[in-house]
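Hi there,

Here is the structure I promised to pass on to you. Please have a look at it first, and then read on for what turned up in it.

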Amino acid sequence: RQRREVFVPLTYRPGDLAEVDFFEVLVDLDGVRRKAWLFLMRLMYSGRDFAWIYERQDQTSFLDGHVRAFAHFGGVPARVAYDNLKAAVVRILVGGERTLTARFTALTSHYLCEPCFCRPGEGHDKGGVESRGQAVRRQALTPIPSAPTLAAINQALLAQMDARLPLGRDGTGETIGARFATEAAALRALPVPFVAEATTFVTVSARALVRLEGAVYSVPCRWAGLDLVARVGAATVTIVGREGTPIRHPRKRFGARSIDYRHYLPELAKTPQAVRQVLPDLLRDLGAPFPAVWAHFHAAHTDREAARHFAKVLGHIEAQGLAPVAATLTAAAWLSRPV
């Protein structure tokens, strides 16, 4: 018994320490059950939590969680405690020193917070966030949350976290909200937000497609063959053209595609047969009033002739812009008349 480790009862000062961890969770997105990852940051003095669910447990999500958490708290604690996760640590050195990843070093330098790391295999070194993560899974994520999007689940989860502010903590009689009011005054001021996105270079294929992390994204067809900059965020991918035009897509899983057929209007305007081939997705991307325009053409002509007329409309969109053509068609009397 004398050789057993002795645990020191700790005390926490306002604004001094936060603890961070990831937890595996399940969510139902649009009727499909998926594994996801809960990022949790806990302010140890007040007990206020920030929670956000990500589709991936990667460095971009890890950094994005910090940016969101600090913004939600309205300040930055002096120290943040972590496991030796790969998003932050390259190598554990003798004496407890760590070689940190370049992006994590940039984050801590940006926010001027000191990273502290647990001993390998000693999860109880940050037992506060460990136990709180288990409680969040039981209290806020049971039953399994369900929504059309992960953003909707996250907003509901964050509201549940903030609903704890009037509650007591550790039998002191003070509420979490009252303790956070004290802690907020001790947090460091927020700088401009850190950019958590990872930047890389991509080559656009002859099909005006870009492949990133095994997923495929479309860009305007005039960019085919170019080398461009892509920014990969936790939930979005942004591809920047040489003229500075950003094309944003939701970040997809390996093997998935995100195709916006508005990027192919110059080619579709010249090939009515291709219009017929991609029509449902094209009408989805164009939006109103173009489904009604197609229905009008289709009711008056054969499929082939309707596609030829619709291709001419696409040519006008390419020449004049989507909004002016949509406004003109919306005001057109012939669109509201029965064929």
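A residue counts as buried when its relative accessible area is under 20%, and as exposed when that value is over 50%. Keep in mind too that this is a predicted model.

With that cut-off in hand, take Thr108, which belongs to helix α2 (residues 102-111). Its relative accessibility is 7%, so Thr108 counts as buried. Apart from neighbours within four places in sequence, Thr108 makes contact with Cys113 and Pro115.

In soluble globular proteins, nonpolar side chains tend to be buried together. The largest nonpolar core here has 44 residues, and the members that touch the most others are Leu282, Phe290, Phe310 and Leu314. Helix α10 (residues 303-320) supplies the largest share of this core, with seven residues.

An α-helix has 3.6 residues a turn, so residues three or four places apart point the same way. In helix α5 (residues 176-184), the buried residues are Ile176, Arg179, Phe180 and Glu183. Looking down the axis of α5, you will find these buried residues within an arc of 100°, so they line one face of the helix. What do they pack against? The buried residues of α5 pack against β2 (32-43) and α1 (59-73).

Helix α9 (residues 290-300) is the other one, with Phe290, Val293, Trp294, His296 and Phe297 buried. These residues cover an arc of only 160° around the axis, so they sit on the same side of α9.

The largest pocket holds about 640 Å³. Its lining consists of 25 residues, and those nearest the centre of the pocket are Glu55, Leu150, Ala235, Pro250 and Arg251. Elements that contribute two or more residues to this lining are β3 (49-54), α1 and α4 (150-162). By type, the lining of the largest pocket splits into eleven nonpolar, ten charged and four polar residues.

Finally, some backbone details. Most residues other than glycine have a negative phi, and most peptide bonds are trans.

- The peptide bond from Thr142 to Pro143 is cis, its omega being near 0°. Pro143 sits in the loop between α3 (127-139) and β8 (146-147).
- The bond from Ala288 to Pro289 is a cis peptide bond as well, with omega near 5°. You will find Pro289 in the loop between α8 (279-286) and α9.
- Asp30 is not a glycine, yet has a positive phi, near 55°. Asp30 lies in the loop between β1 (17-29) and β2, and counts as exposed because its relative accessibility is 63%.
- Ala208, also a residue other than glycine, has a positive phi near 60°. The loop between β9 (198-203) and β10 (209-212) holds Ala208, which is buried, with a relative accessible area of 1%.

Enjoy exploring, and write back with any questions.

Best wishes

Terms used:
Residues numbered from 1 in each chain as written. Predicted model: local features only at pLDDT ≥ 70, side-chain atom pairs only at ≥ 80, totals over all residues. Heavy atoms only, no water. Core = buried A, V, L, I, M, F, W, Y, C linked by side-chain atoms within 4.5 Å. Buried < 20%, exposed > 50% of the residue type's maximum accessible area, 1.4 Å probe, protein only. Helix = DSSP H or I, 4+ residues; strand = E, 2+ residues; numbered from the N terminus. Contact = heavy atoms within 4.5 Å. Arc of directions from axis to C-beta. 1 Å grid on protein atoms, 1.4 Å probe; cavity = no way out; pocket = protein on both sides within 12 Å on 5 of 7 lines; lining within 4 Å. Points joined across faces, edges and corners; volume = space filled by probe spheres on them. Nonpolar A, V, L, I, M, F, W, Y, C, P; charged D, E, K, R; others polar.
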